[in-house]
Amino acid sequence: MNCQRLYFPVVLLFLAALPVQADTMYQCVDESGHKSFSNMKSGPKGAKCTPMDLGAPISVPANRGATKTPTPSTFPKVDENAQKARDTDRRRILDSELTAEQRNLEQAKKDLAEQEAIVLPEERMQYKGGGGISGGKVEERLQPYRDKVALHERNIEAIQKEISKLR
């Protein structure tokens with residue numbers, strides 16, 4: 001019984017592994033001139049299908065894994081001291097960018113806090129008995145400030161990621 005249960009899935013796997021190749025492809029043109037392509041002669045209703053010459057089939061060799069191409073001897077090389085100097089410069093530049101982004105983040109947070117503390121007259125609801133605050137208008141006004149904070153936070157994260165690659 002178990003053999004019979006396994007027979008069908010094994011046959012399906014075998015068939016799925018076989019290369020698929022259409023012997024003939026057809027170009028079908030309908031009454032309005034639209035072209036379609038199919039491996040079956042019967043195309044859309046009213047379409048005239050003609051076989052296409054695809055040439056000889058091309059076999060693609062199986063990928064046995066990526067082979068590494070050796071570096072040519074004429075390829076320019078950077079000596080170790082020059083590379084260390086470049087890495088040091090890169091680290092210095094990234095550190096200065098990180099400091100600037102942190103400053104920008106603090107300023108963006110300060111601007112957001114200032115905007116959150118105020119309510120503009122047009123954000124107050126006008127009705128009898130008092131003036132509540134329209135949350136939608138406030139959120140709309142604050143969103144660019146929140147976006148700016150989020151942008152600087154993402155920038156800091158990206159710079160820190162680059163710095164961690166240098167170690």
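Me: Which residue stands opposite Pro51 in β3?

Reply: Tyr26 does. Before going on, note that this is a predicted model, where local features need pLDDT of at least 70, side-chain atom pairs count only at pLDDT 80 or more, and totals for chains, interfaces and linings use all residues. Residues are numbered from 1 along each chain as its sequence is written, and side-chain values use heavy atoms, leaving out hydrogens and water.

Me: How should I read the strands, and in what order do they lie in the sheet?

Reply: Strands of a sheet pair through backbone hydrogen bonds, either parallel or antiparallel. Strands (E, at least two residues) and helices (H or I, at least four) are DSSP runs, numbered from the N terminus. Two strands pair if DSSP finds at least two bridges between them. Here three strands form an open sheet, ordered β2-β1-β3, with antiparallel pairing. β2 (35-38) and β3 (48-52) each have a single partner strand, so one side of each lacks a neighbour in the sheet. Five bridges connect β1 (residues 25-29) with β3.

Me: Which cysteines does a disulfide join?

Reply: A disulfide is a covalent bond between the sulfur atoms of two cysteines. The rule used here asks for a pair of cysteine sulfur atoms within 2.5 Å, and the count comes to one. Cys28 is joined to Cys49, with 2.1 Å from S to S. The pair links distant parts of the chain, 21 residues apart: Cys28 lies in strand β1 and Cys49 in strand β3. The link is right-handed, with 110° about the S-S bond.

Me: Are Cys28 and Cys49 buried or exposed?

Reply: Buried means under 20% relative accessible area, exposed means over 50%, and partly exposed is in between (1.4 Å probe, protein chains only). Both Cys28 and Cys49 are buried. Asp111, in helix α2 (residues 80-117), is partly exposed, with a relative accessible area of 21%.

Me: Which residues make up the largest nonpolar core?

Reply: Such a core is a set of buried Ala, Val, Leu, Ile, Met, Phe, Trp, Tyr and Cys residues joined through side-chain atoms within 4.5 Å. The largest has 11 residues, including Leu94, Leu112, Leu142 and Ile163. The elements giving two or more residues to this core are α2 and α3 (135-166), and α3 gives the most, with six.

Me: What does Leu112 touch?

Reply: Contact means heavy atoms within 4.5 Å. Not counting residues up to four places away in sequence, Leu112 touches Leu142, Tyr145, Arg146 and Val149.
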